[in-house]
Amino acid sequence: MADQELTGCAALLAATDHHPYARHALWRGAEPRGWRRDGAVAWLLSSRPGPAGGALGAPGPAVEVFTDLVAAGAVGAGQWLHLPRTGPEALAGRLTVARHDEWDFLWTTTAPPRQPEEDRVVRLGEADHPALSALIESSFPSTTSRPGDPRIVDWYGIRDGDRLVACGADRSRGDVGFLAGLTVAPDRRGRGLGAALTAGMTRALAARYDHVTLGVYTDNVGAIRLYRRLGFTGTLARSSVHLA
């Protein structure tokens with residue numbers, strides 16, 4: 001099927017030169033199967049929730065590996081793949097896709113500049129789940145990070161009195177920190193709360209990890225500008241496909 005088979009996290013991390021994305025995607029306890037082909041390293045994960053697999057390196061060979069895996073029945077409809085940036089035209093005739101998203105994986109290795117409202121960032125608990133659900137539904141309904149998601153380690157937020165007005169999830173599963181689901185209530189935007197939340201969470205995770213990472217949709221120019229200002233200068237262009 002592919003040029004070289006790779007078994008286990010250690011082999012895949014070595015094949016990707018311990019890239020921050022691989023360190024995030026190949027989480028603790030994962031038992032991946034992998035393949036190296038013509039400048040691409042691809043893998044399938046045995047556990048859920050989350051994507052069925054992913055790849056780093058050359059987009060064309062990565063798509064070829066997954067085309068072969070679909071044909072072999074190893075992956076199929078309803079599952080997600082995280083690929084190197086790949087346009088729909090490169091997938092046509094190879095993978096049948098129900099949804100195609102373009103996003104950037106960003107990372108930092110330094111603590112962010114301190115933000116004026118950062119001291120308002122607090123860790124949230126199970127009692128805050130109803131408020132989290134309401135905020136997410138109104139401000140970021142497309143996110144996959146929600147209360148009860150077993151991938152989430154902790155929730156953080158900012159309150160205005162008794163009201164939760166910003167939140168984000170610590171979804172660190174590998175050996176790098178990962179921020180997810182960052183959002184601010186629509187009527188509280190433009191006041192520095194997004195910067196404060198991101199900085200506070202980044203600082204908390206940087207105390208435990210040598211890299212802090214996050215994902216952002218490529219068309220969210222304002223958020224990307226903010227993350228750059230806070231030190232997220234490492235970039236990897238990604239495409240996620242939901243197989244039909």
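Predicted model: local features only at pLDDT ≥ 70, side-chain atom pairs only at ≥ 80, totals over all residues.
**Entry: Ser172**

I opened on Ser172, where a polar atom of the side chain lies 2.9 Å from the backbone nitrogen of Phe178. I also looked at Asp170, whose side chain is joined to that of Ser172 by a polar contact of 2.6 Å. (A polar contact is an N or O pair within 3.5 Å; within protein, one atom must be able to donate a hydrogen and the other to accept it, and residues adjacent in sequence count only if both atoms are side-chain atoms.)

Residues are numbered from 1 along each chain as its sequence is written, and side-chain values use heavy atoms, with hydrogens and water left out.

Where does Ser172 sit? I find Ser172 in the loop between strand 9 and strand 10. (Strands are DSSP runs of E, at least two residues, and helices are runs of H or I, at least four, each numbered from the N terminus.)

Buried or exposed, I asked of Ser172? Ser172 has a relative accessible area of 1%, so I put it down as buried. (Buried means under 20% relative accessible area, exposed over 50% and partly exposed in between, with a 1.4 Å probe and protein chains only.) Leaving out residues up to four places away in sequence, I list Arg28, Val153, Gly177, Phe178, Leu205 and Tyr209 as touching Ser172. (Contact means heavy atoms within 4.5 Å.)

**Entry: His24**

Next I went to His24, which is found in helix 2. His24 counts as buried because its relative accessibility is 8%. With residues up to four places away in sequence left out, His24 touches Phe105, Gly174, Val176 and Phe178. I also checked His24 against Leu83: they are 59 residues apart in sequence, and their C-alpha atoms are 14 Å apart in space.

**Entry: aromatic rings**

How many aromatic pairs does the whole structure hold? My search turned up six. (Rings of Phe, Tyr and Trp, the last by its six-membered ring, pair if their centres lie within 6.5 Å; planes under 30 degrees apart count as stacked, over 60 as edge-to-face and the rest as tilted.)

One of them is Tyr21 with Trp103, a tilted pair at 6.4 Å centre to centre and 55 degrees between the planes. That pair links distant parts of the chain, since Tyr21 is in helix 2 (residues 20-25) and Trp103 in strand 6, 82 residues apart. Tyr21 is buried at a relative accessible area of 2%, and Trp103 is buried at 11%.

I then took Phe105 and Trp107, whose ring centres are 6.0 Å apart with planes at 45 degrees, so this pair is tilted. Phe105 is buried, at 0% relative accessible area, and Trp107 counts as buried at 17%.

Arg238 lies over the face of Tyr21, at 4.1 Å from the ring centre, and Arg173 over that of Trp27, at 3.7 Å. (For this, NZ of Lys or CZ of Arg must be within 6 Å of the ring centre and within 35 degrees of the ring normal.)

I traced an open sheet of twelve strands with mixed pairing, in the order 1-2-3-4-5-12-6-11-10-9-8-7. (Two strands pair if DSSP finds at least two bridges between them.) Strand 1 (4-7) and strand 7 (122-124) stand at the edges with a single partner strand each, so one side of each has no neighbour in the sheet. On average, neighbouring strands are turned by 30 degrees against each other, direction ignored. (Axes are lines fitted to C-alpha atoms, for helices over the stretch in contact, and angles run from 0 to 180 degrees between N-to-C directions.)

Strand 12 got a closer look. Seven of its ten residues are buried, so I call strand 12 mostly covered. Strand 12 runs antiparallel to strand 6, with ten bridges, and antiparallel to strand 5, with five. In strand 12, Ala237 is the bridge partner of Asp104, and Ser240 stands opposite His82.

Strand 6 (residues 97-108) also pairs with strand 11 (residues 212-217), antiparallel over six bridges. Leu106 stands opposite Leu214 in strand 11.
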